[in-house]
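These are my notebook entries on a single chain. I set down what I looked up, topic by topic.

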Amino acid sequence: MEPTASPLTQAITVEYASSSDDVTIYQGIVNGDWCIGAVPNGGFSLSLLLKACIQYQASTKHPDPINVTAHYLQAVQVAPFEVRVRTIKNGRGFSNVLADLMQKGTVRITAHSVFGVLEPLPDAPGPHLTLKAPSPYARRHPLHLHPSEAIPEPLRHTWRFHTLSRWAPDPMYKEQNAPGRPQRTDSQTIGGGGVKWAAWFELTNESEVINTPSLCFLADIFQKAPVLLPESEKVGLGTSWFPTMVLNIEFKFPIPKTSADHSTRTVGIYSSTHFMNDPQGRTNPYIEVWTAPCNIGEGQANKNWRETQFCLATSTQMALTVPMEVNQRQASRL
């Protein structure tokens, strides 16, 4: 009998190991259920590092991650790991933390995080400036369809977590990416170009509860630009892997407490990509992760459902486009 797959919130696990001088060490084992091919999803790997940082900051005056920028130096493996965390600055409003995720004595991911307090503090000095509904300048939820109207589609089988999650892509953005649509760039336009995509993404295990570390994974789950391009723009592209080289995530609003207006295990994901360049088909996706009013196929749409939703995080990254064989070769190194 095959072992039961691990829900995301259980797979993101680290434990305190030791402290020496100014470095605190956490450890764990990378779970293979959250891989793409042979390599753990980049956002999932970052979630392990960030969880260690959150534990490190838990008893300080700055417990919440505000921003994290990670550089991926080598592919993470399904194997034991440790995260080495240290503080480089404790300020009045923010703390700066450095962390390295290491395996077999090699740094695989290095990250700089800014910690603070994400909840609004009424007595904090300075102006309290927040753009959110009902302000007409606030960004609204970018998905066109309510989750109750969305139609799920299967995830790629190279995503090992395809049995633990599902998504329902927004058909309106698919139409916008079609050749000849208005955002296409030509000699008569200014700007334009690129591709957009959005979907509802659901963690299907009913025990799942989205938390801050899991937002790292969710910020790295989207349809990559080379896949969305028409055939005329991707001549010669075969089955590909899109490894992350640099990933920046900014945490926007706190995850809502349990309420009738927000699902605990479904989010809305929006992405846009405007460039693809040498070397190795670099892309520059921008991603937003939003709350969802309910799970896919549940609930009922009302006129103002977008007004009660929040953007949990935004991210940008530099990713490559390489043959899937590059990913598969990583398995031989385990």
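Which residue forms a salt bridge with Arg166, and how far apart are the closest N and O atoms? I found that the partner is Glu202, with the closest N and O atoms 3.4 Å apart. The model is a predicted one.

Entry 1: I placed Glu202 in strand S10 (residues 195–203) and Arg166 in strand S9, 36 residues apart, so I noted that the pair links distant parts of the chain. I then looked up the accessibility of the two partners. Glu202 counts as buried because its relative accessibility of 4% is under 20%. Arg166, at 28%, counts as partly exposed.

I next looked at Lys252, which forms a salt bridge with Glu250, the closest N and O atoms again listed at 3.4 Å. I recorded Lys252 as partly exposed at 35% and Glu250 as partly exposed at 31%. I also noted that salt bridges with shared partners join Arg166, Glu202 and Arg265 into one network.

The count for the model comes to eight salt bridges. Another of them joins the side chains of Glu119 and Lys257 at 3.6 Å, N to O. I located Glu119 in the loop between strand S8 (106–116) and strand S9 (165–169), and Lys257 in the loop between S12 and strand S13 (266–273), 138 residues apart. Glu119 is partly exposed at 37%, whereas Lys257 counts as exposed at 62%.

Entry 2: I read a volume of about 1,000 Å³ for the largest pocket. It is lined by 30 residues, and Glu119 is among the closest to its centre, together with Val117, Leu118, Pro120 and Leu121. I recorded its lining as 17 nonpolar, six polar and seven charged residues.

The second largest pocket has a volume of about 530 Å³. Of its 32 lining residues, I found Val39, Trp241, Phe242, Pro243 and Thr244 closest to the centre. The largest share of this lining, three residues, comes from helix H6. I recorded 17 nonpolar, ten polar and five charged residues there.

Entry 3: I traced strand S1 (residues 15–20) and strand S2 (residues 23–29), which pair antiparallel over five bridges. Their hairpin has two residues between the strands, and Asp21 takes a positive phi near 55°. S2 also runs antiparallel to strand S6 (residues 80–90), joined by six bridges. I noted that Gln27 in S2 stands opposite Glu15 and has Glu82 as its bridge partner in S6.

**Entry 4: annotation.** I found that an unreviewed UniProt entry annotates residues 32–115 as "domain: Acyl-CoA thioesterase-like N-terminal HotDog". Over this range I read 19% helix and 51% strand, with the end C-alpha atoms 29 Å apart.

How values were computed
Residues numbered from 1 in each chain as written. Predicted model: local features only at pLDDT ≥ 70, side-chain atom pairs only at ≥ 80, totals over all residues. Heavy atoms only, no water. Pairing = 2+ DSSP bridges. Helix = DSSP H or I, 4+ residues; strand = E, 2+ residues; numbered from the N terminus. UniProt positions renumbered as here; feature names shortened; annotations may be inferred. 1 Å grid on protein atoms, 1.4 Å probe; cavity = no way out; pocket = protein on both sides within 12 Å on 5 of 7 lines; lining within 4 Å. Points joined across faces, edges and corners; volume = space filled by probe spheres on them. Nonpolar A, V, L, I, M, F, W, Y, C, P; charged D, E, K, R; others polar. Salt bridge = Lys/Arg side-chain N within 4 Å of Asp/Glu carboxyl O. Buried < 20%, exposed > 50% of the residue type's maximum accessible area, 1.4 Å probe, protein only.
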